[in-house]
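Below is a briefing on a protein model, shown first and then described by topic.

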Amino acid sequence: MEPLLLYGATLLTLAGIYAALTLGLNLQWGLTGLMNFGALGFVAAGAYTSALLTAPPSAMHVGGFGWPWFLAWPLAALAGALLALPIGAISLRLRTDYLAMATIGIAEIVRLVARNEDWLTGGPLGITGIPRPFESLGQPWGPVAFLLLVGAVVALLYAMAEATARSPFGRTLRAIRDDEEAAKAAGRNPAAFRLQAFMLGAACMGLAGAMLAHFFKFMGPDALDPVTATFLVWVMLIAGGSGSNRGAILGAVAIWAVWAATDWLAAQLPGELATRAAYVRLFMIGLALQLILLYRPQGLLGTGR
Amino acid sequence: MTTFRLTRRAALVAGTAGLAMPGIARAQAEPVRIGVIMSASGGLAAFVPPIRAGIALAFDEINAAGGVLGGRRLQMVEADDQTNPQVGVTVMTRLVQADNVAAIIGPMASGITIAAANAVSIPAGVPIVSPSATAPAVSDLNDNDTVFRTAVPDGLQGRVLARLVREAGIERVAIMAVNNDYGRGLSGGFTAAFQARGGTVTAAQNFEENRPSYRAELQTLAGRGNPQALMLVAYPASGGNTILRNSAENAMFPRYIGTDGMRDQSVVDQVGARALEGMFGTGPGSAASPERRAAYVAAYRRANPNLDPGGGFVAQGYDAAYVIGLAIEAGRSAERAAIRQNLRAVANAPGEVVGPGEFARAKQLLAAGTKVNYEGASGPVEFNAAGDSEGRVEHWRVQDGRIVSVAQLAE
């Protein structure tokens with residue numbers, strides 16, 4: 001029974017980390033209408049920041065400073081936001097679809113930097129030995145405590161996102177999303193508001209990246225996969241209902257459950273089929289997205305306000 | 001109402017049947033679950049079918065010999081890591097926690113092995129035996145003696161390849177290596193050994209996988225320092241074949257040198273035999289005595305007429321399954337800790353030597369209290385203190401459109 005409980009905790013932890021990512025994307029796309037296809041880049045910034053600050057000293061990369069996680073995580077969020085600042089300043093003037101292209105390119109740049117700047121990131125070998133919070137509690141309670149921590153972070157981000165959406169700031173963002181000219185006529189500066197929303201979302205993604213690195217206890221360029229870090233997050237947001245924070249969380253949990261269930265289902269197939277089923281997983285996620293877009297474009301919980 | 005009564009009666013019957021079944025028989029019939037993590041999709045996917053068949057063959061032989069622990073079967077629980085470390089961690093978590101496996105064969109790639117072992121199998125104390133993780137860094141894991149591999153680490157391969165290249169009369173080599181731990185580690189080891197033997201690396205390039213074309217990189221390499229050959233550290237599906245094809249189309253290099261990653265018949269089939277004639281390289285070797293190797297090859301061919309028993313890491317996968325089966329039998333327990341403690345005992349000398357296909361004999365020996373020493377299809381399989389297998393490196397070359405084995409080398 002205990003192993004199954006632990007497996008459940010693992011799945012929920014990952015779902016929670018994805019929920020943080022999806023909340024960040026919802027701030028950018030759902031609330032402000034910024035089409036960011038570069039979540040991967042901000043996840044990487046946060047993950048590497050936290051990994052380098054907390055890992056033990058190593059000759060393979062800069063530092064390993066051995067900091068505790070609670071000091072490193074806020075800085076990881078800051079790293080995500082700081083990466084978003086120059087990118088946003090340059091590219092937010094682009095219209096939605098061009099912004100999407102620019103962010104894809106930037107995510108790819110970040111990934112290649114992580115792979116090739118050995119002195120900073122350890123290159124393709126990555127960073128190992130990242131401590132996981134509460135590890136010292138041992139096998140049954142350590143993972144449960146980490147799950148509670150992730151849950152607390154998601155709750156905090158959710159409260160923050162809700163407060164943002166309700167505040168005058170959030171109303172301005174929606175106004176810009178829906179009719180930029182009208183917002184301008186009302187005396188708002190869309191560029192500044194867009195940039196702030198972009199950085200806020202990127203901070204959430206940086207924090208999610210930090211949690212991811214500490215959960216896997218490893219960060220490397222091979223772990224930065226556009227399918228799992230960017231594409232899956234979009235599926236989650238659209239499935240849950242972009243614009244709604246609760247939808248973002250629900251979408252993350254639901255799609256992650258489907259993703260994990262397909263892995264388990266594939267393993268039940270006999271012999272050769274089990275290995276071939278790997279390709280069916282991606283197909284099923286794509287199919288789910290198509291069906292949602294066709295039959296329920298507002299997502300599971302609707303588009304919020 | 002009627003339906004309800006019927007269901008209840010059915011439940012009662014089922015319950016009684018369960019009670020009537022002897023408890024011991026049920027416990028014996030319960031299989032021992034062994035996790036198998038392969039990169040069934042992603043960059044390493046081309047390697048998987050023959051390796052998987054090798055592991056399945058070993059399990060079939062063990063089960064045909066009556067299984068382990070007085071009649072329990074070994075059951076393969078499979079997972080695909082998509083050649084991605086994060087997915088590797090997730091699926092290993094599933095195997096360890098939900099499927100409750102006793103031991104794990106895999107993962108295949110070194111980076112995935114390090115990530116998944118650190119996050120999952122080492123804390124849980126699950127023994128893992130990788131058939132193909134070759135990076136030297138795997139030896140350095142702080143693993144409580146849980147991480148083993150039947151593959152030979154890359155340091156040795158780099159040294160052997162450097163010697164072979166010099167012996168072929170080649171002095172100037174250009175290197176194109178996949179930009180990951182495997183490519184960089186192996187090209188670095190080769191470069192050091194090659195220079196020590198008086199060779200020159202004219203230029204080296206780390207390439208990104210899955211690009212539509214590598215002509216620009218190849219042109220740069222070919223134009224610098226007049227290289228006599230191109231050494232390619234790559235995987236076939238994620239760039240290796242494209243590089244060879246690009247180079248052959250423009251006749252950029254007169255000769256090619258490969259490593260274990262490219263030792264695959266599909267490379268020759270897809271790029272064309274004429275372009276690759278004279279290509280040679282190194283791969284995971286076999287130090288097995290000829291009759292042990294022959295027993296394995298014959299059994300493999302019977303079960304899989306269309307797959308290559310000499311393919312990269314195929315024999316290593318087979319041996320990984322065998323040592324796990326033997327360790328369970330030797331420790332008389334499918335507990336993770338017992339398997340861990342007995343892996344070295346059944347693989348290393350001294351002991352009565354048993355080989356591929358001899359599980360029944362090994363069981364008799366173990367039952368009689370004799371210590372066994374498994375000498376496998378890939379080599380003697382002796383685990384050192386770091387859990388690495390000390391084995392051989394194969395020298396292969398392309399001849400008339402087939403990859404043929406030339407020799408098995410130790411240094």
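This is a predicted model: local features need pLDDT of at least 70, side-chain atom pairs count only at pLDDT 80 or more; totals for chains, interfaces and linings use all residues.

Residues are numbered from 1 along each chain as its sequence is written, with chains lettered from A and ligands numbered from 1 in the order in which they are written. Helices (H or I, at least four residues) and strands (E, at least two) are DSSP runs, numbered from the N terminus.

**Helix packing within chain A**

- Helix H1 (residues 2–31) of chain A packs with helix H10 (residues 226–240) of chain A at about 70 degrees, and their axes are 9 Å apart. Axes are lines fitted to C-alpha atoms, for helices over the stretch in contact, and angles run from 0 to 180 degrees between N-to-C directions.
- H1(A) and H10(A) are therefore roughly perpendicular to each other. Angles under 35 degrees count as roughly parallel, over 145 as roughly antiparallel, 65 to 115 as roughly perpendicular and the rest as oblique.
- On the H1(A) side the meeting residues are Tyr18(A), Leu21(A), Thr22(A), Leu25(A), Asn26(A), Trp29(A) and Gly30(A), and on the H10(A) side Val233(A), Met236(A), Leu237(A) and Gly240(A). Two residues are in contact if their C-beta atoms, placed from the backbone, lie within 7 Å.
- The contact of H1(A) with H10(A) has seven nonpolar, four polar and no charged residues. Here Ala, Val, Leu, Ile, Met, Phe, Trp, Tyr, Cys and Pro count as nonpolar, Asp, Glu, Lys and Arg as charged, and the others, Gly among them, as polar.
- Helix H2 (residues 39–54) of chain A and helix H9 (residues 190–216) of chain A have axes 7 Å apart and pack at an angle of about 55 degrees, and are therefore oblique to each other.
- The contact of H2(A) with H9(A) has 14 nonpolar, five polar and no charged residues.
- All 16 of the 16 residues of H2(A) are buried, so this helix is largely enclosed by the rest of the structure. A residue is buried if 20 or more other C-beta atoms lie within 10 Å of its own, exposed if 12 or fewer, and partly exposed in between, with C-beta atoms placed from the backbone.
- The 16 residues of H2(A) should span 22 Å at 1.5 Å a residue, which agrees with end C-alpha atoms 23 Å apart. The expected span of a helix is 1.5 Å times one less than its number of residues.

**Contact between chains A and B**

- Chain B has 33 residues in contact with 28 residues of chain A.
- H4(B) gives the most to the side of chain B that touches chain A, with nine residues.
- By class, that side of chain B has 15 nonpolar, 12 polar and six charged residues.
- H1(A) and H4(B) have axes that come within 8 Å and cross at roughly 160 degrees, and the two helices are therefore roughly antiparallel.
- Pro3(A), Leu4(A), Leu6(A), Tyr7(A), Thr10(A) and Leu14(A) in H1(A) meet Thr90(B), Thr93(B), Arg94(B), Gln97(B) and Ala98(B) in H4(B).
- The contact of H1(A) with H4(B) has six nonpolar, four polar and one charged residues.

**Tyr318(B)**

- Tyr318(B) sits in helix H13 (residues 314–331) of chain B and counts as buried, with 29 C-beta neighbours inside 10 Å.
- Beyond neighbours within four places in sequence, Tyr318(B) is in contact with Gly54(B), Ile55(B), Leu57(B), Ala58(B), Tyr296(B) and Ala377(B).
- Tyr318(B) and Glu61(B) are 257 residues apart in sequence and 10 Å apart in space, C-alpha to C-alpha.

**Backbone exceptions**

- Most residues other than glycine have a negative phi, and most peptide bonds are trans.
- The peptide bond from Gly106(B) to Pro107(B) is cis, with omega near -10 degrees, and Pro107(B) lies in the loop between strand E3 (103–105) and H5 of chain B.
- The peptide bond from Ala349(B) to Pro350(B) is also cis, with omega near 0 degrees.
- Lys217(A), not a glycine, has a positive phi of about 60 degrees, and is buried, with 24 other C-beta atoms within 10 Å.
- Leu69(B) has a positive phi near 50 degrees, and counts as partly exposed with 17 C-beta neighbours inside 10 Å.
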